[in-house]
Amino acid sequence: MFTHIPFDVPARFLSGLADGSLSRFGTIIKDNASGKIVAHVQESGVGQNLISSIVGSPFAPLNAISSIVANFQLAQLKTLVESLRALQFANLGVAAAGVGVSVVGFAVMNAKLKNLESAVKQVSLELEKQFAELYNEQLRRELSDLRGALEGVELAQRLKDPRSELNSLASSLTRISSVTRGRLETLLDKNFFDEALFTLFARALLTSDKARVEAYLLADELDSAHHAAGAIGDSYSNLFDALSPGELTNKLQISHQNNKGLFESELNTVGLKNMVNALRDITDAAMTKPLLIEDLRRQGISGPEYVQAVRDERSQPVVLLRA
Amino acid sequence: MKTLEEIIFRREVLDWRDKWIEWIPEKLESALPELLEALHERIDEMSIKETLTTQRYSAKHLQPIYEKWVADVSAEILGAAQEELGSINYKVLASLPELATDIAFDGARDNIVDGLVGTGAAGAAVLGIPLVAKASTVTAAYGLGLVGVTAISWPVALTGVTVLGGLAVFGGTRIAGYKSRAKQQFKDKTDSTIEKAVLPQPAGQPSVASELQLIIKDTATAYVKELRDVHSHSI
């Protein structure tokens, strides 16, 4: 099942998690007595494909998942959800950020982006019609840039020596992430909260950030992957740490009062709490990702080797890399 | 690059912040009836003459009750928040490698940490870990004195008449009725003013709740910044 890479199954850690000798934080499992990391949680290729098939909010709690997926995938998905729950994950947000590194393949990421692009058509902030059209066009252009970069990474892997191309595309994805992050910052600065637009930008940001770390890993640039992962974690901390459900509730009320925003938000206070919790978990996962890459370096595992091993895993949706 | 401890403690501080920001309005709401009862009792002591000068009465008799309540309840809330933060302080101090050097492996390190944190907030202040601000910084400025409970409107028939002489025309029972209604009106206005002054208000209007929440937010922000410094520099 596994290559020489020291993967393990979640079951080996469950008793430790249950009796408190181990705990999970972000995507690491640590020994509580020594404080040392004992394993890194990693979704396998089959796990990430399952997550990609789920429609609905990326911030949904795990207990809401089973109702939004096709029945034929239910058994596999149930295994995935149970594994994540057993590892003390409470929501799907951490999977949106990527549990461990993303290996899902850029074609799959692109398919998800198509959904985002169709959502852009409906964006109509409180703008006059021609400005709304300009805004929509700009958003579509940015998502097209992202899709182009993802297609580029998918194609680059077929080159005889893809490293240079992958590095270049990783830089493009860094620029794209920066633009999307700017959009989120502007949105969060407003005195109203557009939940649908926020979700759209958050998804685009998570996608581009996952992709650029994966691109560096595929190029076997572990230093760059490590640095990018660290910068991503810091950026999420700067973006999301200040959010609170109460503040978002007030802003949402202003949205409703002034008819601002995409559509009537379905979020109530509980929904906003789930969203903020998911964003916290996403940030924790992003901040602990550099530790996984440090361990790859320490164990002499190359980026392409690791990505391929995780992609090749077909039976376990979640595996753990022993530290 | 951030250490694992810094990342974990950061999350604990954020969870502390989120929890207290949510709890503060609940705690204020549950303590509010006690305040309103005390104010109502004081309003019940008003004479007819005093019902004609409600703003002066508010400032002299009701505002002090309100201010003391704000000070007491704020101290209780912030004290409880500080105590919870203290447990994070302990873990932060215990995680510092500087405290592990040259110490025998018999729990002496824990003793030192206990000593540092034993005085509660003082120990944490040694390392620059911020304290939750004292309750005296929470103002009761949004209370009755400034907002002003407006005068009660007496029936038109009473205006333009010398008060004492004129009152006799209506007889004792009708006067008592007016006084009772006037006091009830004053109580209702006081209740609504106090609720707006204490509980969270829309569109960023200040309140006791928002002041306390801001203290919690500022403390958390300063704490996370301090964590960065504590973990990157030696003591």
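## Aromatic pairs

At 0% relative accessibility, A:Phe198 falls under the 20% cut-off and therefore counts as buried. The model is a predicted one. A:Phe240 is buried as well, with a relative accessibility of 2%.

Searching the whole structure gives 5 aromatic pairs over all chains. One of them is formed by A:Phe198 and A:Phe240: the ring centres are 6.3 Å apart and the planes stand at 70 degrees, so the pair is edge-to-face.

## A tryptophan pair in chain B

In chain B, the rings of B:Trp20 and B:Trp23 have centres 5.2 Å apart and planes at 65 degrees. The angle is over 60 degrees, which is why this pair is classed as edge-to-face. B:Trp20 and B:Trp23 are both in helix 1 (residues 4-44) of chain B and lie 3 residues apart, about one turn of the helix.

Are the two tryptophans buried or partly exposed? B:Trp20 has a relative accessible area of 2% and is buried, whereas B:Trp23 has 32% and is partly exposed. B:Trp23 also has a charged group over its ring: the charged end of B:Lys19 sits there, 4.5 Å from the ring centre.

## The interface between the chains

How many residues of chain B are in contact with chain A? On the side of chain B there are 12 residues, and they are in contact with 26 residues of chain A. The size of an interface is often given as the accessible area lost when the parts come together. Between chain B and chain A, the buried area is about 1600 Å², and carbon and sulfur atoms give 59% of that area.

The rule for salt bridges finds 7 across the interface of chain B and chain A. Among them is the salt bridge of A:Asp284 with B:Arg10, in which the closest N and O atoms are 3.2 Å apart. Helix 1 of chain B supplies 9 residues, the largest share of the side of chain B that touches chain A.

## Make-up of chain B

Chain B contains 8 helices and 0 strands. Read from the N terminus on, its elements run α-α-α-α-α-α-α-α. Chain B has 235 residues, and 42% of them count as buried. Of the contacts in chain B with a separation of 6 or more, 81% are between residues 24 or more positions apart.

One position in a loop of chain B is B:Leu199, found between helix 7 (163-198) and helix 8 (208-232). With a relative accessibility of 14%, B:Leu199 counts as buried. What is B:Leu199 in contact with, leaving aside its neighbours within four places in sequence? Its contacts are B:Pro25, B:Leu28, B:Glu29, B:Leu32, B:Ser207 and B:Ala209. B:Leu199 and B:Glu22 are 177 residues apart along the chain, and their C-alpha atoms are separated by 12 Å.

## Make-up of chain A

Chain A has 12 helices and 5 strands. It consists of 323 residues, of which 57% count as buried. In chain A, residues 24 or more positions apart account for 77% of the contacts with a separation of 6 or more.

A:Asp8 lies in strand 1 (residues 7-8) of chain A and is buried, at a relative accessible area of 6%. The side chain of A:Asp8 makes a polar contact with the side chain of A:Arg12, at 2.4 Å. A:Val319 is part of strand 5 (residues 318-322) of chain A and counts as buried at 1% relative accessibility. In sequence, A:Val319 and A:Ser255 are 64 residues apart; in space, the distance is 42 Å from C-alpha to C-alpha.

How values were computed
Residues are numbered from 1 along each chain as its sequence is written. Chains are lettered from A and ligands numbered from 1 in the order in which they are written. This is a predicted model: local features need pLDDT of at least 70, side-chain atom pairs count only at pLDDT 80 or more; totals for chains, interfaces and linings use all residues. Side-chain values use heavy atoms; hydrogens and water are left out. Rings of Phe, Tyr and Trp (its six-membered ring) pair if their centres lie within 6.5 Å; planes under 30 degrees apart count as stacked, over 60 as edge-to-face and the rest as tilted. Buried means under 20% relative accessible area, exposed over 50%, partly exposed in between (1.4 Å probe, protein chains only). Helices (H or I, at least four residues) and strands (E, at least two) are DSSP runs, numbered from the N terminus. A charge sits over a ring if NZ of Lys or CZ of Arg is within 6 Å of the ring centre and within 35 degrees of the ring normal. Contact means heavy atoms within 4.5 Å. Buried area is the accessible area (1.4 Å probe) that two parts lose on being put together, summed over both. A salt bridge is a side-chain nitrogen of Lys or Arg within 4 Å of a carboxyl oxygen of Asp or Glu. A polar contact is a pair of N or O atoms within 3.5 Å; within protein, one must be able to donate a hydrogen and the other to accept it, and residues adjacent in sequence count only if both atoms are side-chain atoms.
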